Amino acid sequence: MRFIAFIARMVSQHTGITLMSIAALTALALTAIVDPLTGDMRLNIDPSANRIFSENLPAKLFYDETRELFGGDETLIITIANDDVFSLQSVDTIRRITDRINDLDAVHHVLSLTTAVDIRSVEGGLDISPFFTEFDEGSEDLASVRQRVMANPFYAGSLVSQTGDTTAMVVYFNDFSDQEYIRGGLHERIMAIIRDEQGRNEIFITGSPYFQFAMVELLMDDLIWTPPLIMMILAIILAIAFRTLPGVIAPLLTVGVGVILTLGTISALGYSLSMISALVPPLLMVLGFTYAVHVTSEYHQQRRNPRSKGPVILQTLKHMTLPVLLTGVTTIAGFLAMMANPISAVQEFGVLASIGMVYITLLSITFTPALLKALDRNPEKWSNSGASHISNGFDRFVDRVALFDLKYRRAIFIAFGILSLIALFGMANIHVSTESITNFKSDSGVRKGFDIVNEKLGGANHFYIIVEGDHPDAFKEPQNLHALRNLQEWLEKQPEVGGTISVADYLMQINRALNDNNAEYFAIPDNKRLITQLLFLSSSDELDRIVDSRFRTTSLLVRSRVINSDKMDVLLDRIQPQLKLLPGNLTATMTGNPVLINETLTDIIVGQARSVGLALVFVYIILTVMFMSYRIGLIALLPNIVPVLVYFGSLGFFGISLNPSTSLIAPMVLGIAIDDTIHYFSRFNREIHHHAGERKATLLAMKAVGRPVTFTTIGLCLGFLVLTTSDLRMQTQVGLMASYALAIAWLSDFLLTPALCASVRFTTLWDALTLDLGDNPQDSIPLLKGLRKSQARIVALMAKIIKVPKGQRLINAGDDAHEMYVVIEGKLNTSIGGNGGRIQVATHERGDVVGETGLFHKQRTADVDVVEESRLLCLTQENLDHLSRRYPYIATKVFKNLNKILAERLFATTQRLT
């Protein structure tokens with residue numbers, strides 16, 4: 001209460017200071033986003049796939065250990081295609097590109113046709129040198145080189161396509177992060193080399209570093225172009241809704257300031273925007289729009305209300321501050337529920353969105369009304385122009401909907417129940433996946449490079465099987481190497497697998513080379529001593545990347561053609577039983593990015609259940625506190641559960657995957673949808689207290705709330721649909737499905753919410769806090785004796801408080817009786833007519849009950865006149881019945897007190913007569 005009163009006074013009396021303070025904070029936030037001296041961006045974007053993995057995920061920890069042992073697996077793959085990559089022109093091009101990229105400081109080495117090492121026997125021993133060494137010396141021709149390359153299991157089908165028309169250059173980096181690759185200009189230098197040397201060759205790039213770079217570019221494009229598009233759409237909607245310049249400017253500036261403050265805070269706290277949290281700015285824009293529209297709509301209504309008392313801004317804040325704060329809290333609760341999600345990027349999204357919602361909520365009750373007041377320069381013209389579009393077709397539509405809701409409420413309940421059941425059936429078909437390469441459009445350069453490697457070079461989606469022996473030199477033993485090779489043969493029969501490489505292949509190649517390249521010796525020797533000698537003679541960097549120095553742990557590379565994570569899940573599940581068939585002294589574990597993503601699928605399911613469940617709990621608690629009833633809290637929650645159920649059901653029916661991006665929508669929509677419900681319940685409660693009848697209250701509440709709810713929903717849907725213009729599939733899915741879910745939420749708010757609201761009676765925390773029953777009503781009013789102060793207010797809120805002026809007759813003897821009264825303030829006189837004139841029966845002051853006999857007798861037995869202006873609590877039989885059903889404990893106390901009052905009154909009357 002004091003906080004709300006403070007905000008109202010501050011904004012109303014110190015409008016200029018409020019606006020200047022917010023302007024200063026906005027300028028400070030801008031400096032955190034962009035360096036004012038250099039113009040460089042201080043806000044970072046980190047789209048690394050590692051952001052979606054839980055930091056404590058055992059598979060992630062194992063993957064990190066594996067990378068330390070065998071080196072990183074994040075490489076840049078440059079593909080070059082022409083009719084024959086073994087032609088002199090192609091080889092020269094490959095050599096120049098390889099040499100120039102090798103000279104870059106951040107590059108460790110480049111594996112290409114011109115650097116790939118062949119192992120073969122020569123006079124005097126074993127030769128380990130690049131394939132083109134003898135060709136460069138003039139002792140070998142290209143046909144011979146081609147033959148040796150295509151016979152090498154390490155390179156045929158992986159470094160060079162089987163048709164010889166495509167080859168890859170694999171760039172290995174030093175200890176170099178994705179952020180350094182993106183921000184350090186390395187990508188631009190590599191691309192400049194490719195452009196210089198490309199000629200007529202068709203060259204594409206793929207690999208994790210390029211994925212991240214392309215993601216950043218597309219996210220930056222979205223951050224640059226999406227906000228103006230959203231702003232333009234919101235401006236059009238505001239112009240149609242309010243037809244006033246302040247009605248357009250105030251919400252738009254609120255949106256802009258909220259986003260700037262949020263991004264500034266994100267940058268100042270050292271956060272980076274991920275491919276998921278990059279959705280925060282457009283989300284805040286559409287959310288800020290809804291909050292500002294509700295406040296602006298109330299301001300316009302107060303400007304046109306002839307009965308509005310006091311400054312318009314004070315009346316606006318009086319009616320809107322608590323609903324806005326409550327809707328802000330519920331929305332924040334929905335976002336904070338994402339903290340229960342094990343995916344770190346989703347947790348971060350929840351934190352950043354919550355920070356933004358704090359700004360949006362506070363700006364809506366300070367900056368928006370202050371700006372409206374500052375821009376209110378022509379009240380007469382504004383008032384008239386605003387009134388001209390109130391009684392229009394939309395209001396008639398709202399009236400028809402309200403009457404429909406009242407007339408067919410049972411049918412509405414049944415229809416939404418059936419819809420929810422259908423949605424539950426659809427949920428059974430939901431499949432879980434993650435977006436990686438499929439996040440890019442099929443015609444993008446990123447996707448084309450990936451597809452070439454996938455189709456012609458054995459598969460672009462690599463993962464590893466780490467096999468560990470129970471003692472050192474385990475992989476110098478023939479039986480273990482044979483077991484490894486048998487596993488490879490089984491893997492290569494799987495349709496999704498393009499090839500495998502292990503230490504067994506390396507050993508077989510060495511054995512063949514040392515036996516005059518005789519194909520019969522392309523096999524694993526049966527002698528451990530011979531194996532040890534062969535491995536010692538051929539020690540190289542390539543060998544170190546597939547087996548550790550103690551030969552106890554080895555890495556088996558699996559090249560797969562699988563694109564989607566759910567299909568990868570099927571492959572990995574098929575491989576797992578095969579690993580258990582290895583000898584008992586060998587332990588195999590799959591790892592790599594595809595495996596981590598597969599592990600994340602479980603996190604997505606668990607995280608979604610936790611997030612939605614926690615969001616429902618948070619929102620239910622807030623609603624229960626707001627309406628001071630567990631039952632009403634549940635009823636208010638129902639219209640918001642339906643859109644969530646329909647959303648999940650639609651994922652199943654439409655075949656859209658549940659992934660880290662689409663998993664954001666359900667808790668987000670729940671937090672947004674509850675806002676409109678709170679606004680409607682709050683307005684209906686206000687109207688039901690002024691108008692005795694659900695029909696009138698429903699019509700007025702729908703008319704007051706229907707317009708801003710509809711226009712904010714249109715703004716939300718169109719704002720999210722702007723995301724469908726993105727080149728990232730993730731953004732497109734979020735935009736499309738969020739718009740769809742919010743449209744369902746609007747339908748629920750227009751049909752189900754009014755039908756439910758008209759079927760119950762409720763009070764709000766706001767009413768309880770603002771209701772004036774005088775000092776200590778539980779002590780000074782006998783009817784409320786034994787109750788707590790909050791319980792006494794509940795009794796009053798279930799009834800109605802009326803003001804009666806001095807000199808008015810309240811009750812006429814002989815009239816039908818439907819209510820009794822409790823004096824809160826003032827004085828009443830009860831009298832009856834007699835032969836000698838009026839006979840004074842009693843005087844009633846604070847706490848006295850009047851008309852209780854008539855309420856139960858159904859007819860008045862005396863006249864009651866107002867001696868001093870009075871405030872009276874008016875209670876009907878219906879009020880008492882509602883109190884009994886909703887608050888039986890309180891009702892028991894009230895009825896006990898009423899019986900005591902009636903008994904005392906009967907005793908006093910008997911005493912007078914005797």
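A cavity here is a set of points, on a 1 Å grid over the protein atoms alone, where a 1.4 Å probe fits but cannot get out, and a residue lines it if an atom lies within 4 Å of a point. The views below come from a predicted model, in which local features need pLDDT of at least 70 and side-chain atom pairs count only at pLDDT 80 or more, while totals for chains, interfaces and linings use all residues. Residues are numbered from 1 along each chain as its sequence is written, and side-chain values use heavy atoms, with hydrogens and water left out.

**View 1. The second largest cavity has a volume of about 140 Å³.** The structure holds 8 cavities of 30 Å³ or more. For each volume, grid points are joined across faces, edges and corners, and the space filled by probe spheres set on the points is taken. The second largest cavity has 14 lining residues, and Glu298, Met320, His679, Arg683 and Val705 are the closest to its centre. Two or more lining residues come from each of helix H11 (280-304), H12, helix H26 (665-690) and helix H27 (694-721); helices (H or I, at least four residues) and strands (E, at least two) are DSSP runs, numbered from the N terminus. The lining of this cavity has 5 nonpolar, 6 polar and 3 charged residues. In this scheme Ala, Val, Leu, Ile, Met, Phe, Trp, Tyr, Cys and Pro are nonpolar, Asp, Glu, Lys and Arg are charged, and the others, Gly among them, are polar.

**View 2. Helix H12 has a kink at Met320.** The bend there is about 40 degrees, shortly before the proline Pro323; a bend is the angle between axes fitted to the seven residues ending at a residue and the seven starting there. How does the span of H12 agree with 1.5 Å a residue? Its 25 residues (312-336) should span 36 Å, and the end C-alpha atoms are 35 Å apart, which agrees; the expected span is 1.5 Å times one less than the number of residues. In H12, 20 of the 25 residues are buried, where buried means under 20% relative accessible area, exposed over 50%, and partly exposed in between (1.4 Å probe, protein chains only). Val312 belongs to this helix and is buried, at 17% relative accessible area.

**View 3. A salt bridge joins Arg100 and Glu197.** The N to O distance is 3.0 Å; a salt bridge needs a side-chain nitrogen of Lys or Arg within 4 Å of a carboxyl oxygen of Asp or Glu. Arg100 sits in helix H4 (residues 88-102) and Glu197 in helix H8 (residues 186-197), so the pair ties together parts that are 97 residues apart in sequence. Arg100 is partly exposed at 32% relative accessible area, whereas Glu197 is buried at 13%.

**View 4. Asp165 and Lys456 form a salt bridge across distant parts of the chain.** Their side chains meet at 3.2 Å, N to O. Asp165 is in the loop between helix H6 (142-150) and strand S6 (166-173), and Lys456 is in helix H18 (residues 445-456), 291 residues apart. Asp165 is buried, with a relative accessible area of 18%, and Lys456 is partly exposed at 37%.

**View 5. Asp473 and Lys476 form another salt bridge.** Their closest N and O atoms are 3.5 Å apart. Asp473 is partly exposed, at 27% relative accessible area, while Lys476 is buried at 13%. Elsewhere, salt bridges that share partners connect Arg96, Arg100, Asp196 and Glu197 in one network. The whole structure has 20 salt bridges.

View 6. A pocket is an open set with protein on both sides within 12 Å along at least five of seven lines. Its lining has 27 residues, and His844, Gly851, Glu852, Thr853 and Arg905 lie nearest its centre. Strand S15 (819-834), strand S16 (837-844), helix H32 (852-857) and helix H34 (888-913) each give two or more residues to the lining. H34 gives the most, with 10 residues. The lining of this pocket divides into 12 nonpolar, 8 polar and 7 charged residues.
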